[in-house]
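This report describes selected features of one protein model. Please examine the sequence and the structure shown below before reading on.

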Amino acid sequence: MKRVKTASRSYTLFLVLAGFAMLWLQLMDVPTLSDDMLYRFMWTGNDGAPVQTIDSLGDLLHSQWVHYMTVNGRFVPHLLAQFFLVFMPPQVLQLLNAVLFAVLLHLCVCWADSRRRMPLTTAVVACFFLFVVFQGVRTALLWGLGALNYLWVLVAVMALLLWMKRVGDRYSLRHYVLSPLALLAGWTHEALLLPLSVAFVAYILANRRQLGSKPVVLYMLWMMAGTALCLLSPGLASRSSEGISMQGRLLSGAINCVSNIRVMWLLLVVCLILWRKNRTLLREHISDNRYVYLALSVAFGIVLLCGTNLERVGFYVDFMSLLLLLSLMVKTVSPTWARRLTVACSVLMALSYVPAWMVRHENSKNWQLAERQMKEPGRKLIAVHRPLKGECRLMDYFREHYVNSSFVFGFYSSYMAFDASDINMRCAARLYGKDRLVFLPEDVVERIKRDATAYKTYELDANKELYVWRMENNKPVSKVRFVLKKEDVSQLSLRQRLMAYNGDSYELDDFHFEVVRIDGRSYLVFTCPTTNIFRRIARVEAF
């Protein structure tokens, strides 16, 4: 009995420590120039329209209606996102994210280790995977808006699934009162709820005789109704039908599966090992979790076909894989190995936490420096301080995996910080009482201010993400073209061959370049293209 109480205390202590550790990181979270700015204002369905502030709950609901019609169907998390950004100080969301992270760890234990064989080990391993192994840690857990789309959704859905295991066989008033809440859980994120809905349909069809009039079906139907509302969004339909070929979707999906999915492949390896060593246990595991494996298969299919190569796209696939992996661990790992796993994962998390805290602190200081400039009356050109890439590969890794940087320059940015007409820049300007704001790397701004003759020809910034080129006689620019050198594809590596560009020239779309006026002079600023183009540049032409 004493050993059980000690284990229970250790488990509770770990959850508290995990919550506080997450809070310490969350308190250094700072806004980005992208969604964090955009979500503070009303959605209008027209990026060129003047930005409008949200002044009431009515404005908030109207904004989300437009969002539902033009962007996607995730009404519940995005309603909460705008509510917290507009009406609450940031510390409220940061505190809630930390609490919900600890709750998620507990729910993982409840699902995978319901008999409490090794709750501490299960919680530690779950935390290790979420914080160290998962590719989407910064965009799905450490970034406020990402947390609302992933962390909050997981907590709601996991709580619903665990509750459904306990509803019993008879209807009562509480089921009629509580089951509609399942609609809210279903109306969150299609990448998780569509696979679950498919699994629910299969479950109902396979068990239709045994289920009869059991109340669990009521919860399933409400959740599927919420999922249908999410999927029926005109915005989601229009974005899903964007001009991406099936070949392009599959290529992007394959890259995503290789680069951003990790736990699912580990689960496959573990299953293959069990197939050789203990097929009976593996068959029992798959039989007990067959509907989870069905949902995992559907989620994997979504990753393959969505056409978006973002790290957080594979988050739900890896999370379902994590639950299955934890379930296998509880059944197969001995107490001795459980203790070793607990110690090893704890040490690796501690080693990761220190540099993670350092890079988030660095990012927070860089934002504060830029914010002080934004608050200066009359200042419209903001010099953004960024760490130099390549000075320390280890710190570069942690910056990439634990920081959702406030300022992103380069080809893959979803906004152009040097373009004052970009919707995100217009929102930032309105937020700080300006008519326009332009953001450029600090080294570029300092050189322009110091030397009026700088950038007579196109040159890269210190991080080799942006080109800057002074336009003589304030020449307007409507096209930017890279003239390319010949390339012998047979001399390239396999990876380079797959991504090789076949043309003799490459023209930037107008999203990636802008002419910026600084001190009465015109500067063409344009992003450095992808590597397959960059390595072949012979010259750049501006028309």
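Is the crossing of α5 and α6 left-handed or right-handed? The crossing of these two helices is right-handed. The model under discussion is a predicted one.

## Two packed helices

Helix α5 spans residues 90–112, and helix α6 spans residues 119–133. The two helices pack with their axes 9 Å apart, at an angle of about 125 degrees. Because of this angle, α5 is classed as oblique to α6.

The contact is formed by residues from both helices. From α5 come Phe101, Leu104, Leu105, Cys108, Val109 and Ala112. From α6 come Pro119, Thr122, Ala123, Ala126, Cys127 and Leu130. Sorted by class, the residues in this contact comprise 11 nonpolar and 1 polar, with no charged residues.

## A sheet of four strands

An open sheet is built from 4 strands in the order β3-β4-β8-β7, with antiparallel pairing. Its edge strands are β3 (459–460) and β7 (513–518), each of which pairs on one side only.

## A sheet of three strands

Another open sheet contains 3 strands, arranged in the order β6-β5-β9, and its pairing is antiparallel. From one strand to the next, the twist averages 20 degrees.

Strand β5, made up of residues 480–484, is joined to β9 by 5 bridges, and these two strands run antiparallel. Leu484, for instance, has Ile537 in β9 as its bridge partner.

## Salt bridges

How many salt bridges does a search of the whole structure find? The search finds 19. Side chains of opposite charge can pair when their charged atoms come close.

One of the salt bridges joins the side chains of Lys214 and Asp169, with a distance of 3.8 Å from N to O. This pair links distant parts of the chain, since its two residues are 45 residues apart. Lys214 lies in the loop between α13 (208–211) and α14 (216–231). Asp169 lies in the loop between α9 (151–164) and α10 (173–178).

Conventions: Residues are numbered from 1 along each chain as its sequence is written. This is a predicted model: local features need pLDDT of at least 70, side-chain atom pairs count only at pLDDT 80 or more; totals for chains, interfaces and linings use all residues. Side-chain values use heavy atoms; hydrogens and water are left out. Axes are lines fitted to C-alpha atoms, for helices over the stretch in contact, and angles run from 0 to 180 degrees between N-to-C directions. Angles under 35 degrees count as roughly parallel, over 145 as roughly antiparallel, 65 to 115 as roughly perpendicular and the rest as oblique. A crossing is left-handed if the near helix is turned anticlockwise from the far one by less than a right angle, and right-handed if clockwise. Contact means heavy atoms within 4.5 Å. Ala, Val, Leu, Ile, Met, Phe, Trp, Tyr, Cys and Pro count as nonpolar, Asp, Glu, Lys and Arg as charged, and the others, Gly among them, as polar. Two strands pair if DSSP finds at least two bridges between them. A salt bridge is a side-chain nitrogen of Lys or Arg within 4 Å of a carboxyl oxygen of Asp or Glu.
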